[in-house]
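These are my notebook entries on a single protein chain. I record what I looked up, in the order in which I looked.

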Amino acid sequence: MDGGSILGYDLNEKYCQISFYNDIRQEPETLEVFPGSYQIPLLLGRLDGKWIYGEQAECLEVADEESLVKNLFESASKRRKVKVAGKVYDAVWLLSKFIQLTLDRFENIKYLTFSTPHINVDMAKMLKSIGRHLGVSGERIYVQDYKESFCQYMFYQPKELWQYESALIFCNAKKIKAYMLRKLNVMNNREKDTFVTVDEVANVYFKELEMIRLLGEDEESAKSADERFKNFIQSVFEKKVISSVYLTGEGFENNWYPNSLKVLCNGRRAFVGNNLHSKGACYTSFRMSRDGGDGPIYLDEAKLLKQISLRMRTRGKEGWYPIVSWGTRWYEADGEWEVLLEDTGDLEIHIESLTGEELQVETVSLEGLPERTDYSLRLRIEVMFLGERVCRMTFRDIGFGDFFPASDFCVTKDIRLGGINGQFNSMS
């Protein structure tokens, strides 16, 4: 692929799946591991002194189970030690080895997004470190959960498919979960931006699902599951305007739900497939490759609802430019910039909120900064989050080449934000 590979990597407890951006088709394409097979079992093994993975490693379940690593995702998440073929390994290292082996065919990875069922600070740091170990630049690695992957996938679908709400229904051998993509009405009247979120609106467990794979032997259980699923859909969709429905998960692989499907397709389009999350991750990577680009902004309880801006002139245009944007997870918002100052007057910082709060204005005194001619004052602005609600900004004089050496001027400013702040759910 010219210019390097743009990848989305779906990773969960059972398997991984890889989608790559196809420049010719201008959309993600899912890697076919074997004819008709797109999922790689999350198994790693040691055979004859070499690492093997996926379906190759499955043979060790019978031949030499002590040389096979199971529960790799969970073990890595909990930073366990794992014994393989008589030797103890760090589980994170083993997961990194598995990911490296699965990505060997992509020689030049430019952008990489991991999609997992759930994320937290530790998960994001672990996967980003694995991506850097593969040679991908840190700022070109992103980690998102399945809900955000659904959003990113939908952003690139025809607008009529998410004109109103869009539903994602997940099914495995034990449960069904329903999620809704909806647009948010922000409180500060930002008409140029579209904000969206995904809510888990319902879930149900029922024993009939465990018999779905035995349709020929247990037709009554299939009919019962179909009836219960139909009732589930009707209750979830009641009084909602749904543009499209996406069914994903191993539970939908057999056609046990014909009556439910009629309800799903009543006035809306329905799609079935198991590569939505890897494609959604790939679209995120594509978006990164285009410097973010215009488009909807995804929000959830873990993302910042406030934006920190400085007044700057960029590419000849003066305005308030965000250095911390809403829709960013606080543990991914660190960064640094270099700016040239016109004078040594106080710097003004604007903190805008999406929840209707008044504009918060903070000032930073530049007293003690050396006097120099215009545009020879160069500062490095560093942003580091000390926690979910505290952003520390550091302003440091770095001089101006050989003309003006750096001074010892350095000032910090702690800004209290609120990534969650108890107000996200009030955004209807």
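This is a predicted model: local features need pLDDT of at least 70, side-chain atom pairs count only at pLDDT 80 or more; totals for chains, interfaces and linings use all residues.

Entry 1, overall picture. I looked up the secondary structure next and recorded nine helices and 25 strands. The C-alpha trace spans about 85 × 60 × 40 Å along its principal axes. Of the 428 residues, I noted that 50% count as buried.

I turned to helix α5, which covers residues 121-133. Its 13 residues reach 18 Å from the first C-alpha to the last, close to the 18 Å expected at 1.5 Å a residue. At the start of the helix, I found a side-chain oxygen of asparagine 120 within 3.2 Å of the backbone nitrogen of aspartate 122. Just after α5, glycine 135 has a positive phi of about 100°.

Which residues of α5 are buried? I listed Met123, Ala124, Met126, Leu127, Lys128, Ile130 and Gly131. I set beside this list a general point: an α-helix has 3.6 residues a turn, so residues three or four places apart point the same way. I then looked up what the buried residues of α5 pack against. The partners include two helices, α3 (72-77) and α4 (91-102). Strands β1 (5-11), β10 (109-116) and β11 (141-145) are also among them.

I followed strand β14, residues 195-205, to its partners. Strand β13 (residues 175-184) pairs with β14 in the antiparallel sense over ten bridges. Within this pairing, I noted that arginine 182 has threonine 197 of β14 as its bridge partner. Strand β17 (residues 297-298) runs parallel to β14, and two bridges join them. There, valine 196 stands opposite tyrosine 298 of β17.

I located serine 309 in strand β18, which comprises residues 306-314. Is this serine buried or exposed? Serine 309 has a relative accessibility of 1%, and therefore counts as buried, the cut-off being under 20%. What is serine 309 in contact with, leaving aside its neighbours within four places in sequence? I recorded Trp320, Tyr321, Pro322 and Ile323, together with Glu348, Ile349, His350 and Glu352.

Methods:
Residues are numbered from 1 along each chain as its sequence is written. Side-chain values use heavy atoms; hydrogens and water are left out. Two strands pair if DSSP finds at least two bridges between them. Helices (H or I, at least four residues) and strands (E, at least two) are DSSP runs, numbered from the N terminus. The expected span of a helix is 1.5 Å times one less than its number of residues. Buried means under 20% relative accessible area, exposed over 50%, partly exposed in between (1.4 Å probe, protein chains only). Contact means heavy atoms within 4.5 Å. A polar contact is a pair of N or O atoms within 3.5 Å; within protein, one must be able to donate a hydrogen and the other to accept it, and residues adjacent in sequence count only if both atoms are side-chain atoms.
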